[in-house]
Amino acid sequence: MKSVLFIDRDGTIIQEAPPTYQIDSFEKLVFYPEVFTYLGRIARELDFELVMVSNQDGLGTDSFPEDNFHPVQNFIVDTLKGEKILFEDVIIDKTFAKDNRPTRKPGTALLTKYIDNPAYDLKNSFVIGDRITDVQLAANLGCKAIWLNNDEALGAGEISDREALANATALATGKWEDIYRFLKLKTRQARHERSTSETKIFIDINLDGKGNSDVHTGLGFFDHMLDQIARHGNIDLTVKVDGDLHIDEHHTIEDTGIALGEVFTKLLADKRGMERYGFALPMDDSEAKVLIDFGGRSWINWNAEFKREKVGDMPTEMFFHFFKSFSDAAKCNLSIACKGDNEHHKIEAIFKAFAKAIKMAVKRDPLSDALPSTKGVL
């Protein structure tokens, strides 16, 4: 399935020209700042189909002759083409707002070939435009809006319920650089299920989340520790485990570590622009150190001792086993050390440091395609 960027022209690719907002001469033509740089990078680096969608009020009437429009339009398209910014289609509605025609944005009558078409992934497509009508178009198509919001009043007269569009905007900005960064760093989110005769595990994770968690493993203290990973790693994490707790805690903890490691491997398959390493030294009355390297090889160094057999309902011997299972499945190096007196604080400090180390290691630079390895492979 193909994702699409439906891109407005006036106010988005070129500057608006008030008071008429009619680009009918070359004297009125000014390209939007940095559109060549960052729309060019989007076209060359990202896998979107580009479609230009524009309302041109009264085009073809005496108030806006086509002979005045097309030389400028052709120059815009040809100039973009010279920068390797190629549009698969250019869709222009010629009606006035007062006509209230379904072909005019935010109407979708000219875009029906994209709707309910299995060839297009509208859920992961975007409308990029400078008017609130572009946000409404995104909602009507079932995709999200990227709003170049330099004047909130533009298009407002054609929208009846602005509050209903509150969730339709994925990004509001005035800069093409921000659009590129947003699209380049698409959310790393996945669902993962792992079933054996001993456990059934469901994980829903967003590495670029806000720290929300919903964890139910059947072990209260283990839930508390996994919550620390979500909160301190800014990771949205749902974990549901149906394990054989009637035997003991072993399989539930071990298999959760494996499943979590597997989903990290899936989400970090492309490590270009990623930091790769993470370091953390959080302090409580205990001191924990966690170093992590998502370098593609598993290893673990463990230097932490616990005097109690259990903390809460979690056997202390399973702390090491959880991190070993994660390291094996995520193909990462882990070095974990901790000292202190309070057993609860010691393991909680380790999980918090683990979360901070992950947060540092998975951070990405959208302007870099570099692989963090001299080997050229990770």
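Modeller: A crossing is called right-handed if the near helix is turned clockwise from the far one by less than a right angle, and left-handed if it is turned anticlockwise. Please note that this is a predicted model.

Colleague: How do the residues of the contact of H5 with H8 divide into nonpolar, polar and charged?

Modeller: H5 contributes Phe221, His224, Met225, Gln228, Ile229, His232 and Gly233. From H8 come residues including His344, Glu348, Phe351, Lys352 and Lys359. The division is seven nonpolar, five polar and four charged.

Colleague: Are H7 and H8 roughly parallel or roughly antiparallel?

Modeller: The axes of H7 and H8 come within 12 Å and cross at roughly 15 degrees. The crossing is left-handed. Angles under 35 degrees count as roughly parallel, and therefore H7 is, relative to H8, roughly parallel.

Colleague: How many residues of the contact of H7 with H8 are nonpolar, polar and charged?

Modeller: On H7 the contact is made by Phe319, Phe322, Phe323 and Phe326. On H8 it is made by Ile347, Ile350, Phe351 and Phe354. The count is eight nonpolar, no polar and no charged.

Colleague: Which element gives the most to the largest nonpolar core?

Modeller: This core has 55 residues, and Phe264 and Phe294 have the most contacts inside it. The elements that give two or more residues include the strands E8 (199-206) and E10 (236-243), and the helices H5 (220-233), H6 (250-267), H7 (317-330) and H8 (343-361). With nine residues, the element that gives the most is H8.

Colleague: What covers the buried residues of H1?

Modeller: The buried residues of helix H1 (residues 35-45) are Val35, Tyr38, Leu39, Gly40 and Ile42. Separately, a second core of 31 residues includes Ile7, Met52, Tyr180 and Leu183. The cover over the buried residues of H1 includes strand E1 (3-7), strand E2 (48-55) and helix H4 (176-184).

Terms used: Residues numbered from 1 in each chain as written. Predicted model: local features only at pLDDT ≥ 70, side-chain atom pairs only at ≥ 80, totals over all residues. Heavy atoms only, no water. Core = buried A, V, L, I, M, F, W, Y, C linked by side-chain atoms within 4.5 Å. Buried < 20%, exposed > 50% of the residue type's maximum accessible area, 1.4 Å probe, protein only. Helix = DSSP H or I, 4+ residues; strand = E, 2+ residues; numbered from the N terminus. Axes fitted to C-alpha atoms, helices over the stretch in contact; angles between N-to-C directions. Parallel < 35°, antiparallel > 145°, perpendicular 65-115°, else oblique. Contact = heavy atoms within 4.5 Å. Nonpolar A, V, L, I, M, F, W, Y, C, P; charged D, E, K, R; others polar.
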